[in-house]
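Hello,

Please have a look at it here before you read on.

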Amino acid sequence: MASVTLENVVKKYGDVVAVNNVNLHFADQEFVALVGPSGCGKTTLLRMIAGLEEITSGTIKIGDRIVNDLPPKDRDIAMVFQNYALYPHMTIEDNMTFSLRIKGKKKSEIAGKVLQVAQILGIEHLLKRKPGELSGGQRQRVALGRAIMREPQVFLMDEPLSNLDAKLRVQMRVEITRLHQRLKRTIIYVTHDQIEAMTMADRIVVMKDGVIQQADTPLNIYKNPANKFVAGFIGSPPMNFLDGTLSEENGQLWFVGAGFRLPVSGAHRNALVSAGEKSVTLGIRPDAVLVGGEAFGADNGRLDAGVDIVELHGSDQLAYLEIADGIQITAKLLPAVQIKHGDKVTVNMDMLKAYYFSNSTEKALV
């Protein structure tokens, strides 16, 4: 078991900076998810920890050892890839035991261990089959089992669930979380799926253009995003953003957009006045938007809107609403709310749950 520490890590491909001066500490036994859009540098960062990519500058430590110049086999890590990377001509048992056999471990020791790991993953009945005879979910379990067999200090997982269907992804999320609780090892997990990160990780690191935007617990990142990018990336469905300016009238601070205005909550007033910025972006999550029904009291923002599209998801529905010419917001509603395309409705926003971001820096103001 070990921590992982990155100090001023940079990766360049010619003039392109893929990872820019990253400083991170992954605590012993911590489950950390690296998230961000394609090209943000998360997989490159993982591969540098694994030793599959050379770093341009900086230091990587696993435990107390600097591993910059160590080959992957000497770093005491195990990596689980997106494409499983199983040997097609070998049985599942041979795939799982390959690393131990080349290390010269005793057959009796290997046999007992592979059965134990297979039972943990529920694949003991598949040991004599070959990868081509297995489903995607079964092959992913085999890839996990092969990694567990090595008993590494650190597990590195690169989008391991992205090739699975939606039902299997949910199932495997639970399996990986259980494995983490049982094995008590450090896991660094790369994904573009923020739902995976929110449901599995102790901590989330959000990246963009090779730079860390925020590193915090899932709840803190969701409730207190550091900037507009993080706010829009974490949360499903994503946060609504409206551009506008702040204006005061008769002691009330207003957010004024193109063809609409909303009252600023008293809880946000002082912070926004102190920031001294007039041009801002208002962010509000879809579950803080109601259609019809009761308003949100003193912190209510009321608008008229037209209904564009309604998507029923079973336990809830998403309504895409036009609040001004060319300006849409999304509301997350209960199925009991009866609306359809073309309806004219009253929209209530919980302005106490609104966020405000600087238009110049995109940093959170409230």
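How many helices and strands are there in the protein? There are nine helices and 20 strands, where helices (H or I, at least four residues) and strands (E, at least two) are DSSP runs numbered from the N terminus. Before the details, please note that this is a predicted model, in which local features need pLDDT of at least 70 and side-chain atom pairs count only at pLDDT 80 or more, while totals for chains, interfaces and linings use all residues. Residues are numbered from 1 along each chain as its sequence is written, and side-chain values use heavy atoms, with hydrogens and water left out.

Let me start with the overall picture. Taken along the principal axes, the C-alpha atoms fill a box of roughly 80 × 45 × 35 Å. Of the 366 residues, 49% count as buried; here buried means under 20% relative accessible area, exposed means over 50%, and partly exposed lies in between (1.4 Å probe, protein chains only). The protein exposes about 17,300 Å², and carbon and sulfur atoms supply 49% of that area, computed by the Shrake-Rupley method with a 1.4 Å probe.

The protein is divided into domain 1 (4-233) and domain 2 (240-358), with bounds that come from an automatic or database domain assignment. Their C-alpha centres lie 39 Å apart. Seven residues of domain 1 are in contact with six residues of domain 2, contact meaning heavy atoms within 4.5 Å. Across the protein, residues 24 or more positions apart account for 65% of the contacts with a separation of 6 or more.

The largest nonpolar core has 44 residues, and Val35, Met96, Leu144, Met157, Ile176, Tyr189 and Val206 have the most contacts inside it. Helix α4 gives the most to this core, with six residues. Another core, apart from that one, has 32 residues, among them Leu242, Phe260, Val264 and Val307. A nonpolar core here is a set of buried Ala, Val, Leu, Ile, Met, Phe, Trp, Tyr and Cys residues joined through side-chain atoms within 4.5 Å. In soluble globular proteins, nonpolar side chains tend to be buried together. Leaving aside neighbours within four places in sequence, valine 35 is in contact with residues including Cys40, Thr191, Val206 and Phe233.

Helix α1 (residues 42-50) is largely enclosed by the rest of the structure, because seven of its nine residues are buried; among them are Lys42, Leu45 and Ile49. Just after α1, glycine 51 takes a positive phi of about 90 degrees. Histidine 180 sits in helix α5 (residues 166-183). Is histidine 180 buried or exposed? Histidine 180 counts as buried because its relative accessibility is 12%. Not counting residues up to four places away in sequence, histidine 180 touches Gln29, Glu30, Phe31, Arg185, Ile187 and Asp202.

Finally, two hairpins. Strands β11 (residues 240-249) and β12 (residues 252-257) are antiparallel over five bridges, and the two residues between them include asparagine 250, whose phi is positive at about 55 degrees. Strand β12 also pairs with β13 (residues 260-263) in the antiparallel sense, over four bridges. In that hairpin, glycine 259 has a positive phi near 95 degrees.

Enjoy exploring it!

Conventions
Two strands pair if DSSP finds at least two bridges between them.
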